[in-house]
Amino acid sequence: MLFISKPLFVLKLILLFLPVLQISQLFSQDYRIGIPFITSFSEKDFVVSNQNWDIVQDSRQVMYFANDYGILEFDGSNWSIIQVPLNRSITRSLAFGHNRLYVGGQDFMGFIDTENGSIAMNSLVDLLPRQEQNFGTIWKIFNINNRILFFSWNALFIYNGSSFKIIKTPHPFKSCFKVGNRIFIHGDELYELKADSLESLSGGSFFKDRNIAFITGFTDDELLIGFDDGKMVKYNFKSVTPFYLSDTTILNNNRFLCGIHLNNSMFLAGTTDKGLIVFDRNGVVYKHITKSDGLGHNHIKQVFEDKIGNWWILNEKGIDIVEASSPLYNITIDPENPFSVYTSFLFKDKIFAGSHSGLYCAPWNRSLSKLTFDKIPGTGDICWKLDTLGDRLYLCTADGLYEITTNKANHIFNGIGVWTLIRPSRHPEIVLAGTYEGLIMFRKKGESLKFVKKLSGFSETSRVAEEDKDGNIWISHGLKGVYKIVLSAAADSIKEVHFYNSRKGFPSDLFINVFKINDEIIFGTQNGVYKYDKKSDSVVVHPIFGPLLGTSGQVKYMRQDTQGRIWCIAGEVTKILTMNSDGSFSILNVPARKLSLDYYPGFENIFFFENGNALFGTKSGLVFFNYQIPFQPDNDFNLLITGVTSQINHEVLYDERLAYFGDSTQVKKVVIPFNQHSIRFDYTACYYENISLTDYASYLEGYDEEWSDWTDTRFREFTNLSPGRYAFHVKAKNVYEKESKENVFRFTILPPWYKKTVAYSMYILVAFLIIWIFFRLKTRHFEQEKKKIIEEQEKAREIDQIKYHEERLMIDLENKNKELAASAMKIIYKNEKMLEIKKLLENISPETKMEFNNQLDSIKHFIEKELKDDHWEDFELRFDQANNNFIQKLKELYPDLSHSDLKICAYLRMNLSTKEIAQILNMSIRGVETARFRIRKRMGLEQTDNLNDFILRL
């Protein structure tokens with residue numbers, strides 16, 4: 001035998017019991033205080049039957065429930081139902097194995113499969129002999145070493161993946177249970193499944209006439225067995241030992257329906273009408289949770305612990321989630337009338353809670369999960385703050401200040417409402433109180449306080465006040481800014497008042513809070529943390545807490561607990577700041593984010609216990625925070641891209657459920673036609689605690705430049721994506737600010753048909769064809785142009801010849817017109833001379849006339865004949881030859897024109913003046929003008945028409 005030294009033996013004992021010690025420390029008495037948060041779902045949420053029978057969770061952390069209508073699935077966002085074959089819709093049992101979800105129901109056992117792009121149910125019944133196919137209801141299914149066990153009251157069916165082995169006994173089975181990798185069958189006695197047969201257990205006949213509700217592990221060598229009569233025993237495979245609960249009244253006239261051994265070494269049992277019972281190995285009841293605590297119903301049919309330690313409860317009316325893994329617990333003050341708590345305090349083993357309807361008190365019994373509160377008489381007004389002075393508890397209220405003694409309230413000041421108490425560090429005998437109208441002064445008289453006076457010089461409401469190390473009082477006003485009150489040396493009067501707002505460095509005048517951290521006055525604002533700078537007499541961003549907490553949310557609350565940690569409520573997040581050895585700070589986001597909407601705005605309050613635990617005041621009561629319970633952020637959770645859908649034709653491009661259940665075509669489809677280039681991504685976090693406070697951020701690689709903002713929206717849509725490769729990244733952040741791993745969906749948007757390689761090849765061929773046709777057409781066009789140029793040159797030559805002839809004709813015409821004009825001039829000249837001769841003859845004396853009378857008459861007759869003879873026929877012929885038959889056209893166009901009119905028109909075309917025409921025709925100018933008027937009328941010309949222009953245009 002090896003010799004083991006005593007120190008080594010002791011060390012081994014310590015190491016052996018260290019896990020037990022850790023568990024004992026973890027689940028100290030404070031674990032029993034309060035009730036976990038509970039979320040209830042009913043048929044209004046999942047829109048099917050409220051009757052559920054079994055619970056399982058897959059590797060993705062998706063939840064499944066055996067429902068009257070099929071398999072109810074919940075992924076954290078959506079409830080959906082998977083139906084089993086017709087006439088077998090009621091499912092009773094579920095289990096995972098062989099990467100499948102096996103299902104049991106009435107005369108049905110099978111597994112979920114995929115078929116034709118949808119979820120289907122694959123039956124295994126046909127693998128059984130026909131005479132064995134009416135086996136009744138499959139009540140439970142277990143996976144043991146990749147063998148699937150289907151349990152009914154008539155038989156046990158063991159499926160190895162291809163065939164069944166059937167086990168029966170002469171007596172019907174009553175129930176079946178799995179403990180670790182062992183299967184226990186309860187029939188006429190208690191059996192254990194060994195290989196493919198049932199083995200009777202020693203002492204198993206004890207269970208013959210009993211109905212077992214649950215069997216779970218107690219120790220490595222013992223089982224804990226609960227019965228439907230509300231009793232329990234420990235069974236060590238040899239003998240049975242009764243097991244009792246510390247509270248024997250819970251199960252009066254009640255019985256167990258189910259029970260499990262929790263991962264934290266506790267036990268959870270469900271009853272017929274008493275809800276849930278949580279107890280330890282010694283039978284000590286840690287929690288008793290009922291409908292009054294938030295359960296949907298007290299009749300509990302099944303309990304299940306998920307991968308992160310929360311409990312799923314199947315009750316008579318639906319499904320509950322009990323957030324057992326959270327360190328936050330509800331403490332109900334008045335279940336029938338929940339109210340806001342503005343202040344809380346532990347004093348002399350009593351917990352006090354101040355509300356808008358008075359002060360309540362309960363014994364602080366760490367051995368009870370539920371505390372019984374009673375209202376302290378005489379405190380019916382709003383209670384703002386509880387505080388201690390020495391061995392006395394004081395209550396600041398809307399109607400003054402009270403001293404609280406054993407279940408009594410003594411009203412020691414009732415002048416005006418009191419917000420808070422201030423103890424000047426340099427004058428311990430003085431107590432100041434911040435009131436609705438400034439500061440008042442009390443002086444200690446023994447252990448009590450006596451009102452002295454109101455301090456003059458300051459009358460602003462003084463709800464939040466802190467003393468700095470110089471003895472100054474800093475008071476914040478939520479709508480104006482911050483006041484610094486400088487007291488007199490005796491602290492019995494106000495010496496100076498200084499005011500600080502946005503003009504003194506604050507980002508705003510609104511919602512500024514004053515805190516005292518590490519003996520330093522700091523200010524919480526809507527844009528971060530500030531401090532007072534004495535040199536500039538202004539405020540500046542705090543060099544440590546400013547960068548640490550940022551500027552994204554209003555800093556509503558900062559206070560140090562008994563361990564020196566700094567608790568901060570900033571925006572919607574409650575943080576714990578812990579100083580490291582190097583002076584830096586570590587930030588821990590506590591799960592109080594779920595309380596962000598339950599804080600009473602402006603009246604956030606936390607009470608700290610000596611062991612580091614805390615008590616939050618909320619709109620609906622108190623919430624206990626057990627610092628010893630590990631925070632949930634250490635547990636990872638999955639984020640699923642549940643579907644990818646085309647927004648154009650609503651075609652499902654990817655279905656995560658189908659991919660999970662084995663549809664190979666659903667392996668993250670990566671090629672998407674261009675005609676479906678508007679896409680919607682749906683996603684969800686498989687995290688079930690405070691689902692509404694789970695946020696999501698996404699980023700489409702190849703489209704976005706950065707991650708989107710955090711939002712609770714569970715989908716993202718993209719329209720008109722260009723062809724190319726993309727990767728959709730999405731992540732989630734739960735109520736504890738813990739982020740999930742990214743889920744990535746990579747895909748390619750194909751180009752449209754006109755941008756594909758084949759299309760480009762066609763484009764090249766068509767381009768070559770177009771170029772060839774272009775050159776052919778160009779060549780033909782060039783030949784045609786050449787021919788056309790030659791023809792045009794020929795035409796040009798012909799035109800030149802024509803122009804030459806026309807020019808010759810014009811020259812001839814011009815010459816003839818010149819001749820006609822010259823002839824007309826000669827006629828005019830002749831007529832003038834004849835007229836002169838006639839005048840000379842007329843001037844001859846009468847005597848001479850008598851002498852040459854006959855000769856003179858002959859001469860006059862000759863002259864008159866010559867004046868009348870204008871040789872018109874010869875002129876007309878020559879004029880028409882030179883002017884393209886102008887006179888002939890006039891005759892045809894205007895037959896009413898007289899012979900004299902034609903002559904005037906001819907002379908007008910020769911551009912002769914009225915005087916010249918009168919001389920040729922031996923007429924007066926007036927006569928010619930009269931003739932012109934007559935011609936205009938006969939031609940039908942308007943008054944505005946010019947006769948000369950008209951004749952020249954003919």
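Author: Let's start with a rule: strands count as paired if DSSP finds at least two bridges between them. By the way, the model here is predicted.

Reader: What makes β64 and β65 a pair?

Author: Seven bridges join strand β64 (residues 724-733) to strand β65 (residues 743-749), in the antiparallel sense. The rule asks for at least two bridges, so they count as paired.

Reader: Which sheet do β64 and β65 sit in?

Author: It's an open sheet of four strands, in the order β60-β65-β64-β62, with mixed pairing.

Reader: Why are β60 and β62 said to stand at the edges?

Author: β60 (671-672) and β62 (695-701) each have a single partner strand, so one side of each has no neighbour in the sheet.

Reader: What makes β58 and β59 a pair?

Author: Same test. Strand β58 (residues 639-646) and strand β59 (residues 652-655) share three bridges and run antiparallel. At least two are needed, so these strands pair. Thr645, for instance, has Val652 as its bridge partner in β59.

Reader: Why does Tyr703 count as partly exposed?

Author: Tyr703 comes out at 45% relative accessibility. Buried would need under 20% and exposed over 50%, so Tyr703 falls in between and counts as partly exposed.

Reader: Where is Tyr703, and what is it in contact with?

Author: Tyr703 is in the loop between β62 and β63 (715-718). Setting aside neighbours within four places in sequence, its contacts are Phe718, Leu721 and Tyr726. Tyr703 and Phe728 are 25 residues apart in sequence and 9.4 Å apart in space, C-alpha to C-alpha.

Reader: How many residues of the protein chain count as buried?

Author: 47% of the 954 residues. The chain is built with 13 helices and 65 strands.

Reader: Why are the buried residues of α9 said to be on the same side?

Author: In helix α9 (residues 886-893), the buried residues are Phe886, Ile887 and Leu890. They cover an arc of only 100° around the axis, which puts them on the same side of α9.

Reader: Which residues of α11 are buried, and what arc do they cover?

Author: In helix α11 (residues 914-921) they are Ile917, Ala918, Ile920 and Leu921. Their arc is only 165°, which again puts them on the same side of the helix.

Reader: What is in the largest nonpolar core?

Author: The largest nonpolar core has 34 residues, and those with the most contacts inside it are Phe65, Ile71, Ile112 and Trp312. Strand β4 (residues 63-67) gives the largest share, four residues. Apart from this core lies another, of 32 residues, among them Ile33, Ile331, Leu386 and Leu622.

Reader: Which residues does Ile112 touch?

Author: Not counting residues up to four places away in sequence, Ile112 touches Ile71, Ile82, Leu101, Val103, Ile119, Ala120, Met121 and Phe661.

Reader: What makes one space a cavity and another a pocket?

Author: In a cavity the probe fits but cannot get out, while a pocket is open. The structure holds one cavity of 30 Å³ or more. The largest cavity has a volume of about 40 Å³, and its lining includes Gln57, Asp306 and Tyr688. The largest pocket holds about 1700 Å³ of space. Of its 46 lining residues, the closest to the centre are Asp54, Lys140, Phe142, Phe177 and Gln302.

Terms used. Residues numbered from 1 in each chain as written. Predicted model: local features only at pLDDT ≥ 70, side-chain atom pairs only at ≥ 80, totals over all residues. Heavy atoms only, no water. Core = buried A, V, L, I, M, F, W, Y, C linked by side-chain atoms within 4.5 Å. Buried < 20%, exposed > 50% of the residue type's maximum accessible area, 1.4 Å probe, protein only. Contact = heavy atoms within 4.5 Å. Arc of directions from axis to C-beta. 1 Å grid on protein atoms, 1.4 Å probe; cavity = no way out; pocket = protein on both sides within 12 Å on 5 of 7 lines; lining within 4 Å. Points joined across faces, edges and corners; volume = space filled by probe spheres on them.
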